[in-house]
Amino acid sequence: MRWTDPPDAPERRRFWPPVMWWLRAALAFALVSGCILLGARAGELSPPPIPAAPAAAPAAGAEDGADPEANPVAPDSPRASMRQFFELSRAGEYAEAARYLDLPPNANGAELAQRLKAVLDRHLWLDVESLSPLPLGDAQDNLGAGVEQLGKIPTRTGTQPVRLVRRTTPDGVRWIFSRATVERVNDWYARLEDRWIRDHLPPALLRPGPRELLWWQWLALPVLALAGWLVGMVLSYFIRAALRRLVARTDSTLDDVLLGGARGPLTFALALVGVEVSLPWLGLYVPAEEFLDKVVRAGLFIAVFWFALRAIDAVSDRLLAAPATRDNPAARSLVPLMGKIAKVAMLIIGAIAVLSELDYPVASLIAGLGIGGVALALAAQKTVENLFGSVSIGVDRALQVGDFVKVDALLGTVETIGLRSTRIRTLDRTLVTIPNGKLADLQIESYTARDRMRLSCVLGLVYETTPAQLRAVLEGCERALRAHPHIWPDDVVVRFIGIGPASFDVEIMAWFQTADFGEFRTMRQEILITFLEIIGAAGTRLAYPTRTVHVATRGAERALLDPSADGKAASGREEPRQAPSAAAPPSR
C-alpha cells in the first residue's frame, strides 16, 4: 500500500513553517525570561549590596585601623542621612527626600530629588555602607570639616563633584547635598539618555523592581527578546547560506548535518547578541547591566552546549552509518550507548557552567556533593549499578539491539539498551524491562550470534530391521546430508548408537550454514522428510514405544511358589483328593 498525501497537504506545508517559527520565538523568549526571573527571584531572596563606586568615600573607622562594623552608625552621620534619602526615593516619597537637599529659593524640591536620584543611579552607583558612620564624617579626605564627597559626575568638559555638607535643620543636624551639587542637577539630568522616557512614563513604572531594573525596563525586555530573535533568524539564514556553499564543496556529509543542526543554536546565539547590543538603549543601572550581561553570557553557554548536543547526535548517526559499524553488531549497540553517556556528561557540564555564570555557588555545591557522597551513593546505588551495568553490557557485547536472546527463562528480541534498563520483546509480543545492573549478572544466550544451526535427532527403527536395512538407512541419511548445499561438510554424524528399549537407535547430527532461524526450519523440514523416504526405501519403518506384558496362569504361579508342584504338573499326575463322607459325623 502506497502512502499518499491528503488533499490539503500543500496548505498545511505553507501554514506550519510560520507557526513553528513563532513557537520557537516564544520558546526563546521563555528561556530568556526564565533566566531573568530566576535571577530576580534569587536577588529577592538574598539581595546583593549596592556596588561601591570607585570614588566612594572610605569608612571613617578605617583611619585608625578599627573595624567599621564596630563603630555604631550615628543618626547625624553621612551614612545615616544617605540611607534615609535613598529609602525615601525608592519608595517614591520625593517630597520627603528633598529635606536632604540644600535647595535654592523657589526650587521644586520633589522634582530635584527625583532627578538627583536618577543621575546618581545612572552615573554614580553608591554603596551607602561605605560612607562614614561618624557624625563629623571622614576626617582624612582633605575637604575640611563638615564636607563629604561622594564621587564625580562625567560631563562634556570633564567631571563635577557630588558633595554632602553638614547642616543644622529644624529637624536636627544632618548631612545634605550641597547647594552647588543641587544647582547642577538639572544639567546632569538633561544629558541622560532616557530623559524623555522618565518625563513621560507614569511614576509607578519608574520605580526599581527586582535586580534594580525599573518596571518599564522589565516590560521592555520581552520586546527586545522578540526583536532580537527576529534579527537572529535573519542573520542565521544568511550565515548558513554562506556556509552551505562552503560545505557543498566537501565530500563528507557530516559538515552538512552539523550545519543543519546549528540552525537553532546559531539563531539563539545571534538573538542574544542582538539583545546585548540593544541593552544600552534601556539606560540600565550598574547592577542591572551587570546582571543582564551575565544572563546573556549564560544564554551563550546554553547555545554552545545546545550545538554540542546536536553534534553528538550527528557524530553518532555518522558512526552508525559507517561500513565498519554497520557490519559490526557490537558497535551498533555501543555507539548509541556512548552517545547517551556523552550527552548526559555534556548536560552536567553545561548546567554547571550556566549556574556559575549566574553567580550561583557552584563550588560549594560541588563540595557539598563531595561531603554528601556517601548519602548519595546509598540513595542512588541502584541507579549507579544500572549505569555501570549498561557500560559492562556495551563493553562485553553480550547482546545488541535486534538480537534474539534467551535471558534465564526469557526468550525474545532485544529492542533497546538504555542507560538504566534493557527492553526485550518476547514471542508473545509482550515487552519485558530488565535493569542493566541485574542483566549484567544473568546468563545471556544469544541465538543471533550463531554462524551455524544444529540439526540433532535420533531415528528409532523397529527390531525387525535387518543389518542390511540398517546399513542402507545409515548410508542413505549421510549421503542426503552431505548432498545438501547448506550443510557444514566437516562434521556430519550418522551413527548406530545402540539398542533401545523398543528400537534400534540411529543418531543424526549436522550443522546448517545459516543464521536465519526461519530458513533453518525450512531446511530441517526438508531433510527430515528425506529421512522418512530413505527409511521406507530400505524396507523398514520407524518404531514406536512398545511394552510386552506376560500373563502367567494359576498353575504357573503355584509352580513358582512350590517347586515340587512343578514336577507333578510336568508329569501330568496329580494326587486324588478324598471326598468327605456324607455319613461321617462332623468333627467336634
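**Aromatic pairs, a helix crossing and a lysine contact**

Phe 520 is buried, with a relative accessible area of 4%. Phe 512 is buried as well, and its relative accessible area is 0%. Both values come from a predicted model. Burial here means under 20% relative accessible area.

The structure holds 9 aromatic pairs. One of them joins Phe 404 and Tyr 447. Phe 404 has a relative accessibility of 26%, so it counts as partly exposed.

Phe 512 and Phe 520 give another geometry. Their ring centres are 5.8 Å apart. Their planes stand at 70°, so the pair is edge-to-face. The cut-off for that label is over 60 degrees. Elsewhere, Phe 85, Phe 86 and Phe 177 form one aromatic cluster.

The next feature is a helix packing. Two packed helices are described by the angle between their axes and the distance between the axes. Helix α8 covers residues 215-247, and helix α10 covers residues 263-278. The two pack at an angle of about 130°, with their axes 7 Å apart. That angle makes α8 oblique to α10. The crossing of α8 past α10 is right-handed. On the α8 side, the contact is made by Leu 224, Ala 225, Gly 228, Trp 229, Gly 232, Met 233, Leu 235, Ser 236, Ile 239 and Arg 240. On the α10 side, the contributors include Arg 263, Leu 266, Phe 268, Leu 270 and Val 275. By type, the residues of this contact divide into 11 nonpolar, 5 polar and 2 charged.

A further contact involves Lys 340. This residue is found in helix α13 (residues 329-357). Lys 340 has a relative accessibility of 37%, and therefore counts as partly exposed. Leaving aside residues up to four places away in sequence, Lys 340 touches Ile 417, Gly 418 and Leu 419. Lys 340 and Gly 418 are 78 residues apart in sequence. In space, their C-alpha atoms are 8.3 Å apart.

Definitions and conventions. Residues are numbered from 1 along each chain as its sequence is written. This is a predicted model: local features need pLDDT of at least 70, side-chain atom pairs count only at pLDDT 80 or more; totals for chains, interfaces and linings use all residues. Side-chain values use heavy atoms; hydrogens and water are left out. Helices (H or I, at least four residues) and strands (E, at least two) are DSSP runs, numbered from the N terminus. Buried means under 20% relative accessible area, exposed over 50%, partly exposed in between (1.4 Å probe, protein chains only). Contact means heavy atoms within 4.5 Å. Axes are lines fitted to C-alpha atoms, for helices over the stretch in contact, and angles run from 0 to 180 degrees between N-to-C directions. Angles under 35 degrees count as roughly parallel, over 145 as roughly antiparallel, 65 to 115 as roughly perpendicular and the rest as oblique. A crossing is left-handed if the near helix is turned anticlockwise from the far one by less than a right angle, and right-handed if clockwise. Ala, Val, Leu, Ile, Met, Phe, Trp, Tyr, Cys and Pro count as nonpolar, Asp, Glu, Lys and Arg as charged, and the others, Gly among them, as polar. Rings of Phe, Tyr and Trp (its six-membered ring) pair if their centres lie within 6.5 Å; planes under 30 degrees apart count as stacked, over 60 as edge-to-face and the rest as tilted.
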